[in-house]
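Biologist: I would like to learn how to read a model of this kind. Please take the features one at a time, with the general idea before the case.

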Amino acid sequence: GEGRGRGGLFGIGLRKKFILQLFILMYCHSTIGLGYFTLQSWIPTFMAKDLGIVNLKVAGLCTALVWLATSFNTAYVGVIADKLLAKMPFWKVRRMAMTISTLIPASCFLVLSTTSSPLVGVACILIGLVSWSCDYAGFHPYIVEVSGNYSGTVLSLTNSAGIIAGIVGNIATGYSVSLEGNFNTVFRVLSGVYLLSFLFWNLFMKGEKLEFVKAA
């Protein structure tokens, strides 16, 4: 009886640990989705309202150049991460990528909530999005590495959370901007969300395998 009791408690512990890991992965993917959908939808409006770039051709060009730079970084960040795998444990490589993709955008969003300078604003968007794209070398491969045969299931759950966060974020952004007339609150919230993602990942995501425990 005692052995079965210990086994049961151990199983419960594993399930709680699994739930915590899954929650953090879902939160981090929500952060990715929130930033992506919000910026993709609202950059030109932000440039016009807060930065004074009212010429739509200029705003469109700036937006295109920002995303172009992001795509170039996305193409190379995975290659760099693969080379680092030969020098350090996989979870440290993923942690490095996730730190860059959360902490730097959090800082850039905070600056964006205070500036009205077109140069500073566009530079922060550029730096923030290029840094954000480093999650492709951190988040997605980490799920494969710790989830094994269940990586498809885990990624489908986290991706759903990311899409929902993006939808809610777009609605909330529209409401906030219509109420206040600027993006200050939007970027402050984004900064806090990304900072929390940085803390969660660095505190808890250390390469431990996700334990799928079946109920007895």
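Biologist: In which helix is Ser147 found?

Modeller: Helices are DSSP runs of H or I with at least four residues, strands are runs of E with at least two, and both are numbered from the N terminus. Ser147 is found in helix H5. Before going on, note that this is a predicted model, where local features need pLDDT of at least 70, side-chain atom pairs count only at pLDDT 80 or more, and totals for chains, interfaces and linings use all residues. Residues are numbered from 1 along each chain as its sequence is written, and side-chain values use heavy atoms, with hydrogens and water left out.

Biologist: How many helices and strands are there in the chain?

Modeller: The chain has seven helices and zero strands, which gives the pattern α-α-α-α-α-α-α along the sequence. The C-alpha trace spans about 75 × 40 × 25 Å along its principal axes.

Biologist: Is Ser147 buried or exposed?

Modeller: Buried means under 20% relative accessible area, exposed means over 50%, and partly exposed lies in between, with a 1.4 Å probe and protein chains only. Ser147 has a relative accessible area of 5%, so Ser147 counts as buried. Across the chain, buried residues make up 40% of the 216 residues.

Biologist: Which residues is Ser147 in contact with, leaving aside neighbours within four places in sequence?

Modeller: Contact means heavy atoms within 4.5 Å. On that basis Ser147 is in contact with Val154, Leu210 and Phe212, neighbours within four places in sequence left aside. Sequence separation is a separate matter: Ser147 and Ile163 are 16 residues apart in sequence, and their C-alpha atoms are 21 Å apart in space. For the chain, among contacts between residues at least 6 apart in sequence, 83% join residues at least 24 apart.

Biologist: How should I read Thr31 and Thr102, and why does each count as buried?

Modeller: Thr31 lies in helix H1 and is buried because its relative accessible area is 1%. Thr102 is found in helix H3 and is buried because its relative accessible area is 3%. Not counting residues up to four places away in sequence, Thr31 touches Val193, Tyr194 and Ser197. With neighbours within four places left aside, Thr102 is in contact with Tyr194, Ser197 and Phe198.

Biologist: Which residues touch the most other members of the largest nonpolar core?

Modeller: A nonpolar core is a set of buried Ala, Val, Leu, Ile, Met, Phe, Trp, Tyr and Cys residues joined through side-chain atoms within 4.5 Å. The largest has 44 residues, of which Leu25, Met47, Ile125, Phe139, Phe187 and Trp201 touch the most other members. The elements giving two or more residues to this core are H1 (2-49), H2 (56-84), H3 (90-112), H4 (118-132), H5 (139-147), H6 (151-180) and H7 (184-204). H1 gives the most, with 12 residues. A second, separate core of six residues includes Val77, Ala81, Val93 and Ala97.

Biologist: What does Trp201 touch, not counting residues up to four places away in sequence?

Modeller: Trp201 touches Leu25, Cys28, Arg94, Arg95, Met98, Gly138, Phe139 and Tyr142.

Biologist: How many aromatic pairs does the structure hold?

Modeller: Rings of Phe, Tyr and Trp (its six-membered ring) pair if their centres lie within 6.5 Å; planes under 30 degrees apart are stacked, over 60 edge-to-face, and the rest tilted. The structure holds 16 such pairs. In one of them, Phe183 and Phe187 are tilted, at 6.2 Å centre to centre with 40° between the planes. Phe183 and Phe187 are buried.

Biologist: Which residues form one aromatic cluster with Phe183 and Phe187?

Modeller: Trp42, Phe46, Phe109 and Tyr194 are in that cluster with them. Trp42, in helix H1, counts as partly exposed because its relative accessibility is 21%. Leaving aside neighbours within four places in sequence, Trp42 is in contact with Asn170, Thr173, Gly174 and Phe183.
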